[in-house]
Amino acid sequence: MHVVHNNASLTVGGANNGNISDAQIQSQIQVLNEDYRRQAGTRGYNTSPIGADAGIEFYLATADPNGQATNGITRHYYAAKAAFDVNTNDDVLLSQIAYWPSDQYLNIWVTTLKDDYLGYTQFPTAADTLKGLPTSANVLTDGSIIDHRSFGRQTGTVTRSLYLLGRTVTHEIGHWLGLIHPWGDGGGCNEDYVADTPLMADGSNAQQSCKQTYSNCNGKGQVRDLMENYMNYWPDACMNMFTAGQVARMRAVLKLSPRRAKVLTTESTPLGETETLQVKVYPNPATADPTVDVQLKGNQSFSVDLYDTAGRQLRTTSFTNTPSTRVTLSVSGLPTGVYIVRVKTGSEIASKRLLVQ
Ligand SMILES: [Zn+2]
């Protein structure tokens, strides 16, 4: 996740701040896993006979391109632009500001977009094997660009009322995995190369509510449009489905599109689950911002706090319903000395001494 913002104060999180919080990013990862795994008990669940679990999961990178530990989030202050324009090659500019090799990582640039764009994604290449995909595409701009006002789930600066449940990114990554809008783009009643999505007249006029519409394509009579489908333009709250055909196409892209296939084989495993709370802080002593590995059972809400030896709280970051996570702790501006890193869940506390040099 590359956060590209225009906030000169470099503060993280809070209202109307493009330099969004780690918690907002974590909430987006959760939404992706609920939606792509059709997780029971979440908004991503459905019981539709044509709905399917994509069997694809997402996590923040734990190693950067140099093999160093990372929380998978990079932050970049860019003074020259308040908003990026995806219609005038700003994807190239964003790639120059931040980029990790797109055959090892899914790059997501979170920024501010011009002209009410929610997101923009480059399709995967699939020469001669899958219909409707390009034979070549720029390796440097491969990924998704998302406006921070429609990124994550109702935390931080998500402000677009119809798009505050994180489904913009679910939709955009569908494109990254080769899915085409069900109306086939280019005017409607066109092919998305997926057999179980009904032909759709035109979905490019975004709906303002969960209002059912119907299409009559090629004189075949009224057919219900799949407003539950993530690849349509209904509001976030209406959606809960990838179809089995869309899942088959995404999984084919993961096999057949060369860069996507390579991402799957890149060694950067997620932090594992543990029975009890485990916390590692390193390097220690720290000469720059140290890394905190928080490992726990399942998903939990927890805080990562920094105290001085007098017991004053200097930093705090909260996570909601989050799995094992790697956190970067900011120690800039702190005097040399001993500090305490404390991680607190609903039922456990772990404290570690940290020497800042
Ligand atoms: Zn789209």
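Predicted model: local features only at pLDDT ≥ 70, side-chain atom pairs only at ≥ 80, totals over all residues.

Colleague: Then let's take tyrosine 36 and phenylalanine 58: buried or exposed?
Modeller: The two rings form an edge-to-face aromatic pair, with 5.0 Å centre to centre and 70° between the planes. Tyrosine 36 sits in helix H1 (residues 22-36) and phenylalanine 58 in the loop between H1 and strand S2 (74-77), so the pair ties together parts 22 residues apart in sequence. As for cover, both tyrosine 36 and phenylalanine 58 are buried.

Colleague: Which residues do ring pairs link into a cluster?
Modeller: The whole structure has seven aromatic pairs. One of them is the pair of tyrosine 36 and phenylalanine 58. Ring pairs join these two with two others, and the cluster is made up of Tyr36, Phe58, Tyr230 and Phe242.

Colleague: How is the pair of tyrosine 78 and phenylalanine 84 arranged, and what is the angle between the planes?
Modeller: Tyrosine 78 is partly exposed, at 23% relative accessible area, while phenylalanine 84 is buried at 3%. Their ring centres are 5.8 Å apart. Planes under 30 degrees apart would count as stacked and over 60 as edge-to-face. This pair falls in the remaining class, tilted, with an angle of 40°.

Colleague: On to the cysteines. How many disulfides are there?
Modeller: A disulfide is a covalent bond between the sulfur atoms of two cysteines. Here, one joins cysteine 189 to cysteine 217, with 2.0 Å from S to S. Another joins cysteine 210 to cysteine 238, at 2.2 Å. The count is two.

Colleague: How far apart in the chain are cysteine 189 and cysteine 217?
Modeller: Cysteine 189 is partly exposed, at 25% relative accessible area, whereas cysteine 217 is buried at 5%. Their link is left-handed, with -80° about the S-S bond. Cysteine 189 belongs to the loop between helix H3 (167-176) and strand S6 (214-215), and cysteine 217 to the loop between S6 and strand S7 (223-224), which puts them 28 residues apart.

Colleague: And which parts does the link of cysteine 210 and cysteine 238 tie together?
Modeller: This link is left-handed too, with -95° about the S-S bond. Cysteine 210 is partly exposed at 42%, and cysteine 238 is buried at 9%. The pair ties the loop between H3 and S6 to the loop between S7 and helix H4 (244-256).

Colleague: If you number the bonded cysteines in sequence order, what is the pairing?
Modeller: Take the two links in turn: cysteine 189 goes with cysteine 217, and cysteine 210 with cysteine 238. In sequence order, that gives a pairing of 1-3, 2-4.

Colleague: Let's zoom out. What radius of gyration does the chain have?
Modeller: The C-alpha atoms fill a box of roughly 75 × 45 × 35 Å along the principal axes. For 357 residues, a compact globule would have a radius of gyration near 21 Å. The chain agrees with that, at 21 Å.

Colleague: Last one: what share of the residues count as buried?
Modeller: The chain comes to five helices and 14 strands. Among contacts with a separation of 6 or more, 61% are between residues 24 or more positions apart. Of the 357 residues, the buried share is 52%.

Key:
Residues numbered from 1 in each chain as written. Heavy atoms only, no water. Phe/Tyr/Trp six-rings, centres within 6.5 Å; stacked < 30°, edge-to-face > 60°. Helix = DSSP H or I, 4+ residues; strand = E, 2+ residues; numbered from the N terminus. Buried < 20%, exposed > 50% of the residue type's maximum accessible area, 1.4 Å probe, protein only. Disulfide = S-S within 2.5 Å. Rg over C-alpha atoms; globule rule 2.2 N^0.38 Å. Contact = heavy atoms within 4.5 Å.
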